[in-house]
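The sequence and structure come first, and the reading follows.

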Amino acid sequence: MECTLGQIISQRKLSKSLLKQGNTAGKSSITVIAEELSGNDDYVELTFSARKLDDKDFFSKSDPFLEIFRMNDDGTQQLVHRTEVIMNNLNPMWKTFKVSVNSLCSGDHDRKLKSIVWDWDSNGKHDFIGEFTSTFAEMRGAMDGRQVQWECINHKYKMKKKNYKNSGIVILNLCKIHKMHSFLDYIMGGCQIQFTVAIDFTASNGDPRNSCSLHYIHPYQPNEYLKALVAVGEICQDYDSDKMFPAFGFGARIPPDFKVSHDFAINFNEDNPECAGIQGVVEAYQKCLPKIQLYGPTNIAPIIQKVASSASEEMHTKEATQYFILLILTDGVITDMADTRDAIVHASHLPMSVIIVGVGNADFSDMQMLDGDDGILRSPKGEPVLRDIVQFVPFRNFKHASPAALAKSVLAEVPNQVVDYYNGKSIPPKCLSDYESSRTVGP
């Protein structure tokens, strides 16, 4: 069973499309089976203000905030955005915010939107100022620089007060739509996945000559390191045109002086650490084992920094040309956790993702922290990651599963990580040619 990066995102609401990239510049064609997010992936930037709102406070002016709700087909309403509170001000200007068009109106530009203005109260019992209804189609009227405005109505006041007009005016000062490109857009636009492998050669793996070792080379059965490498690598190599993969080791004493290294080329060619295809990485790994001495400690920050250096050069091009994936295969507890956290926070600003596969039965709780799914990873100085770039998977969960199942889990977050990076930097795909022109454009 073959699995592609497009199929990896199948847990979302997706639709399938089959695309072929033809022969170009002498390169053989590849078939990409991709699944894209359904609906409108664009996002909109909105800025609201108000004037002459009702005063709800006795000793000061109102403290207004605005809530926007999407009205669903089943009669329910869904909160889309809540602004910050502007203290003591009847003419507030709320901060610009971004929201996806899909979240705002489910792709239906004529769907009713209800907006409510409240006077904030510290006890949580906020005072109702007024409301109005609109549509995204109306909001788009502000795209050419015009102000779009609505009367903010308190219906109780309207019924009771004969000369009641409104409880203020709400103004849309800015409406700007931004194109959200998909993972498939970037792949079809020529973005290459630069795949790097880093293998743990610390002594905790056991003597490779012993059949109990995680590095034992069995004549008929690949060890866990090789299984993980092949399962993930064979998927990534489909998105790398030259099929040349840098491969490094860490935690071993290496010839000729047998000093400990945490980022040595397993082909022992520091000037050119690349191996031809995944099979080339496998062969370099097998040849490397008898020549080194497994040692320690388990430091992974140096290899993250090495790949980050290449990703940093790519970042400065400001083009969607290369995205770097570092696959770390390790059996143990990280011993340079502070440096590793710092390296990951730095790498989160770069076109780069880190995949960690835990081999063996060690305690991998530290790896779960690096993954960031249960909270925001921070550097020792408290700086948070800009975006989640780490995916950790324990190999033991897939010992009896197919290689495709492992690859699917390991690469699950990569498409969104690629999209988050380039869209966050407002970097479009380089060249979409016929594919881009064939995409359906929303109303």
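A residue counts as buried under 20% relative accessible area, as exposed over 50%, and as partly exposed in between. In this predicted model, lysine 399 has 38% relative accessibility and therefore counts as partly exposed. Its salt-bridge partner is glutamate 224, with N to O at 3.3 Å; because glutamate 224 lies in helix H6 and lysine 399 in the loop between strand E20 (390-394) and helix H11 (403-410), the pair ties together parts that are 175 residues apart in sequence. Glutamate 224, at a relative accessible area of 14%, is buried.

| Glutamate 67 | Arginine 82 | 2.7 Å |

Glutamate 67 is buried at 8% relative accessibility, whereas arginine 82 is partly exposed at 47%. In the pair of glutamate 319 and lysine 430, glutamate 319 is partly exposed at 38%, and lysine 430 is partly exposed at 49%.

Asparagine 223 lies in the loop between strand E11 (192-200) and helix H6 (224-236), and its relative accessibility of 8% means that asparagine 223 counts as buried. The side chain of asparagine 223 reaches two backbone nitrogens, that of tyrosine 225 at 3.1 Å and that of leucine 226 at 2.8 Å. Beyond residues up to four places away in sequence, asparagine 223 touches Leu214, His215, Tyr216, Ile217 and Tyr285.

Methods. Residues are numbered from 1 along each chain as its sequence is written. This is a predicted model: local features need pLDDT of at least 70, side-chain atom pairs count only at pLDDT 80 or more; totals for chains, interfaces and linings use all residues. Side-chain values use heavy atoms; hydrogens and water are left out. Helices (H or I, at least four residues) and strands (E, at least two) are DSSP runs, numbered from the N terminus. Buried means under 20% relative accessible area, exposed over 50%, partly exposed in between (1.4 Å probe, protein chains only). A polar contact is a pair of N or O atoms within 3.5 Å; within protein, one must be able to donate a hydrogen and the other to accept it, and residues adjacent in sequence count only if both atoms are side-chain atoms. Contact means heavy atoms within 4.5 Å. A salt bridge is a side-chain nitrogen of Lys or Arg within 4 Å of a carboxyl oxygen of Asp or Glu.
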